[in-house]
Amino acid sequence: MSDRKVIALTVNGEQRELALAPNRSLLDALRTEAGLTGTKKGCDVGECGSCTILMNGKPVNACLVLALEAEGAEIITVEGLQAPDGTPHRLQECFMRCGAAQCGFCTPGILVAAKALLGETPRPTTDQIRFAIAGNICRCTGYTKIIDAIAMASAEVQR
Ligand code: FES
Ligand code: FES
């Protein structure tokens, strides 16, 4: 399409160029043009957190960012959490061990929000964990197992 603009950005450590319409959200660009469907679209208006990604190290709702604003940015999506050999990130491991996912729709966004938390606060309190995922709605778990899993991952990093 002639009105598309090409942007260059880094996604999960890989240089990408994406041709995008000016009104494309970063969420849609990641899911469609970049083919990374791990990031979920729940509300598309900034209320559910299922689209949480890291943009230059900070958690953001990708549905609220115009893709063109991501020119030159470093993006991490849930697909970028695991090691190159496919070994799950310790957060993913702890989510599995704690049974912190039921339908799993909220899980990618919460994992990314939790990664940002542990990056800044390796040993968070329960309140800090609650605050970090306050923008992420889970309709299934009641949050207890999610908080347990994040706490477990933080304890493991101390070893
Ligand atoms: S899809 Fe972005 S906050 Fe809900
Ligand atoms: S596990 Fe279903 S919405 Fe959270």
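Analyst: Helices (H or I, at least four residues) and strands (E, at least two) are DSSP runs, and they are numbered from the N terminus. Please keep in mind that this is a predicted model.

User: In which loop is tyrosine 143 found?
Analyst: The two helices to look for are H4, which covers 126-132, and H5, which covers 144-157. Tyrosine 143 is found in the loop between H4 and H5.

User: Is tyrosine 143 buried, exposed or partly exposed?
Analyst: Buried means under 20% relative accessible area and exposed means over 50%, with partly exposed in between. Tyrosine 143 has a relative accessibility of 27%, so this residue counts as partly exposed.

User: Which residues is tyrosine 143 in contact with, leaving aside its neighbours within four places in sequence?
Analyst: Tyrosine 143 and alanine 8 are 135 residues apart along the chain, and their C-alpha atoms are separated by 37 Å. Once the neighbours within four places are left aside, the contacts of tyrosine 143 are Ile133, Asn136, Ile137 and Cys138.

User: What is the order of the strands in the open sheet?
Analyst: The sheet has 5 strands with mixed pairing, and its edge strands, E2 (14-20) and E4, each pair on one side only. From one strand to the next, the twist averages 40 degrees. The order is E2-E1-E5-E3-E4.

User: Which residue in E2 is the bridge partner of isoleucine 7?
Analyst: E1 and E2 run antiparallel and are joined by 7 bridges. They form a hairpin with 2 residues between them, and asparagine 12 in the turn has a positive phi of about 50 degrees. Within this pair, the bridge partner of isoleucine 7 is leucine 18.

User: Which residue in E5 stands opposite threonine 10?
Analyst: Strand E1 (residues 5-11) runs parallel to E5, and 2 bridges join them. Opposite threonine 10 stands glutamate 74.

User: How are H2 and H3 oriented to each other?
Analyst: The axes of H2 (residues 90-98) and H3 (residues 107-120) come within 10 Å and cross at roughly 125 degrees, and the crossing is right-handed. Angles from 65 to 115 degrees count as roughly perpendicular and those over 145 as roughly antiparallel. H2 and H3 are therefore oblique to each other.

User: How many residues of the contact of H2 with H3 are nonpolar, polar and charged?
Analyst: On the H2 side the contact is made by Arg90, Leu91, Gln92 and Phe95, and on the H3 side by Thr107, Ile110, Leu111, Ala114, Lys115 and Leu118. These divide into 6 nonpolar, 2 polar and 2 charged.

User: At about what angle does H3 run to E3?
Analyst: Helix H1 (residues 26-33) lies across E1, E2, E3 and E5, running at about 105 degrees to E2. H3 lies across E3 and E4, and its angle to E3 is about 40 degrees.

Technical notes: Residues are numbered from 1 along each chain as its sequence is written. Chains are lettered from A and ligands numbered from 1 in the order in which they are written. This is a predicted model: local features need pLDDT of at least 70, side-chain atom pairs count only at pLDDT 80 or more; totals for chains, interfaces and linings use all residues. Side-chain values use heavy atoms; hydrogens and water are left out. Axes are lines fitted to C-alpha atoms, for helices over the stretch in contact, and angles run from 0 to 180 degrees between N-to-C directions. Angles under 35 degrees count as roughly parallel, over 145 as roughly antiparallel, 65 to 115 as roughly perpendicular and the rest as oblique. A crossing is left-handed if the near helix is turned anticlockwise from the far one by less than a right angle, and right-handed if clockwise. Contact means heavy atoms within 4.5 Å. Ala, Val, Leu, Ile, Met, Phe, Trp, Tyr, Cys and Pro count as nonpolar, Asp, Glu, Lys and Arg as charged, and the others, Gly among them, as polar. Two strands pair if DSSP finds at least two bridges between them. Buried means under 20% relative accessible area, exposed over 50%, partly exposed in between (1.4 Å probe, protein chains only).
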